[in-house]
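Let's take a walk through a protein model together.

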Amino acid sequence: KGVGGGVVSMSHFLPCRQTLPDWVFPVAQKLDMKWINHGAAAVSVKFSRVAGSVLIDRQMRAITTGTDTPHIHAFGHSHRPKDFMLNGVRYYHNPVGKKKERDYKMLPSNPEPQCLWTRNGPA
């Protein structure tokens, strides 16, 4: 372990339920239906029933379990930005999404790459 040591893991699919687009409080144990207050609520509810993989979360957490190694997990699939810490792991999603989503202001109109790690560690 040298300068900037740590782990960046990645998955296309959502690694846990807390990474769902409508999940407001990462420490909450279940999805609160009050959080879903938009025009695509029916789609969000359906997505919440299948998204978030306990297996992916367990595998990626096993990499740094029992250490103080910084860990960032970048994920995709949901088309909604997320950036939060949960139990020692930073979860990050910076989607480009579809043009229609950007036009409707669901995402930034010109998404840009973000620095997650520098030579000195997490950004």
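How many bridges join strand 1 to strand 2? There are five, and the two strands run parallel. Before going further, note that this is a predicted model, in which local features need pLDDT of at least 70 and side-chain atom pairs count only at pLDDT 80 or more, while totals for chains, interfaces and linings use all residues. Residues are numbered from 1 along each chain as its sequence is written, and side-chain values use heavy atoms, with hydrogens and water left out.

Helices (H or I, at least four residues) and strands (E, at least two) are DSSP runs, numbered from the N terminus. Two strands pair if DSSP finds at least two bridges between them.

Now look at strand 2, residues 71-75. Its H71 is the bridge partner of V7. Strand 2 also pairs with strand 4 in the parallel sense, over four bridges; here I72 is partnered by R90, and A74 by Y92.

On to strand 3, residues 82-86, which runs antiparallel to strand 4 and is joined to it by five bridges. D83 of this pairing stands opposite Y92. The two strands form a hairpin with two residues between them, and N87 in the turn has a positive phi of about 50°.

Is strand 4 buried or exposed? Five of the five residues of strand 4 (residues 89-93) are buried (under 20% relative accessible area; exposed is over 50%, partly exposed in between, with a 1.4 Å probe and protein chains only). Strand 4 is therefore largely enclosed by the rest of the structure. In a regular strand the side chains alternate between the two faces of the sheet. In strand 4, V89, Y91 and H93 are buried on one side, and R90 and Y92 on the other. Strand 2 is covered on both faces as well: H71, H73 and F75 on one side, I72 and A74 on the other.
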